[in-house]
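Please keep the sequence and the model in view while reading.

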Amino acid sequence: MIRVLVVDDSNAVRELLVHILGTAPGLAVVGCAADGEEALRMAHELSPDVITMDLQMPRMDGYEAIRRIMQACPTRIVVVSGSEDRAEVDASFRAIEAGALVLVRRPYGIGNPAHADSARALVRTVKAMAEVRVVRRWGDTRRAARPLQGAPRRLVAIGASTGGPTVLRDILAELPASFPLPVVIVQHLAPGFMDGLATWLADAAGYPVEVIQDGMALAGGRAYLVPESWQAAVGPGLVCRLLQAPPEHGMCPSVSYLFRNIDAELRPATAAVLLTGMGKDGAAELKLLREQGALTIAQDRASSVVYGMPGEALRLDAAMLVLEPAEIGKVLARLPAEPFPSTVFPTNGDPP
C-alpha cells in the first residue's frame, strides 16, 4: 500500500484529493496538512511514501517546505498546482529545483466532465512516483579512456523524463553563450508547464531556452523545447517541423519520434543524449543513431532519479558515453573544437 500525505491550504482541495487518492486501489491517505510547517512535521512523524504538495500556502509555502523536507527526511514529492496564472506556473519550477519530482495539474471537481480523466492522471502519477528513488548520489563515473571517432557536430538532441528539469539545467549551465549548435529537447511534462519550464531553465541555467514553433529554423546558442501534444522532426537546414502524430511509448512529444526523425544527413552530425526517466522512450532510437555515426550519451545510474530510459540504452549498447549531468554538459561544450571527444568512458562497468 502506498502511503500518501496530502498538503494544501484549501479545505475543499484537501477533501477532493483525499477522495481521489483515498479511494484509489493501492493508495492510502495517511494524513493532511494545511501549510508547510504542518507538512514538515507530518513528513517526520508519518514517513509517507509520497507527498502531494501545494505551493501557495500561509506560514511556510510549498517551496520552503520541499527544501526542508528534502534536507531532513527526503520523500517523493508531487506538486499539485491549480494556478492558471502564467507567472505562478513559471515559478513552480522552483519546486523541482528544491527537490520535487514532478508537477501535475490539480484534478477538476467531481461535477466537471473532465474530473474522471484528471483524477486518473493524478493517481497514475502518485503510483509511478512511489517507485522512484528518493536520494540521489552524484558519483564520479569516469573510467579508463578509449578513443572515439565521429563527424563534426551540427545538432544536439536530448530526451528526458522524470527528474529531467534539474539535469537539463546542469547540462545547459555548462554551455558557453557562443555555443554554435542548436539544442533540441524533449522533456516529458504534464500539460500546461512547458512555457514555464522554458522560462525557469533560461533563468536557472543562464542559457537561452524557448519553445519550438512549427517551421522554425534552429539557431546555435539556444535550446528549444518541443511543445506538448506535438511530435518533432528536424529536417534539412536545421528546420524543425511539428506534427500531429500519435504518442509513442505513451508520450507526445516522444524522444523516440524526435531521434528517429532527424534528417538522414544530420544524423552523423548529431550528439544525442538520453537522460533520467521511466520506460524505454528513445533507447532503441539512440542505438540507431549510434549505428549511423552520431555521438550518443546516456546519463549514469548514480545521478538518475529513474534509470529506466538510460538503463535501457545501456542494455542495448546504444550509448558511447555514460556520464553525470555536468560532465555531459562539458562534453557538449567541447564539441565545436573537438567534434569527437578524445576520450570516452566504457559503459560495461555500469550495467542497467
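Which residue takes a positive phi in the hairpin of β11 and β12? In that hairpin, which has three residues between the strands, G237 takes a positive phi near 75°.

## Basis of the report

The model is predicted: local features need pLDDT of at least 70, side-chain atom pairs count only at pLDDT 80 or more, and totals for chains, interfaces and linings use all residues. Residues are numbered from 1 along each chain as its sequence is written, and side-chain values use heavy atoms, with hydrogens and water left out.

## The hairpin strands

Strand β11 covers residues 231–235, and β12 covers residues 239–243. Helices (H or I, at least four residues) and strands (E, at least two) are DSSP runs, numbered from the N terminus. The two strands pair in the antiparallel sense over five bridges; pairing requires that DSSP find at least two bridges between strands. Within this pairing, A232 stands opposite L242 in β12.

Five of the five residues of β11 are buried, so the strand is largely enclosed by the rest of the structure. Buried means under 20% relative accessible area, exposed over 50%, and partly exposed in between (1.4 Å probe, protein chains only). In a regular strand the side chains alternate between the two faces of the sheet. Here Q231, A233 and G235 point one way from β11, while A232 and V234 point the other way.

## Aromatic residues

The structure holds two aromatic pairs. The rings of F93 and F193 have centres 6.3 Å apart and planes at 80°, so this pair is edge-to-face. Rings of Phe, Tyr and Trp (its six-membered ring) pair if their centres lie within 6.5 Å; planes under 30 degrees apart count as stacked, over 60 as edge-to-face and the rest as tilted. The pair links distant parts of the chain, 100 residues apart: F93 belongs to helix α5 (residues 93–98), and F193 to the loop between β7 (183–187) and α8 (194–205).

F93 is buried at 0% relative accessibility, and F193 is buried with a relative accessible area of 0%. Together with W200, F93 and F193 form one aromatic cluster. The charged end of R105 sits over the ring of F193, 5.0 Å from its centre; this term requires CZ of Arg or NZ of Lys within 6 Å of the ring centre and within 35 degrees of the ring normal.

S304 lies in the loop between β14 (295–299) and α11 (308–315) and is buried, with a relative accessible area of 1%. Leaving aside neighbours within four places in sequence, S304 is in contact (heavy atoms within 4.5 Å) with R133, T276, Q299 and P310.
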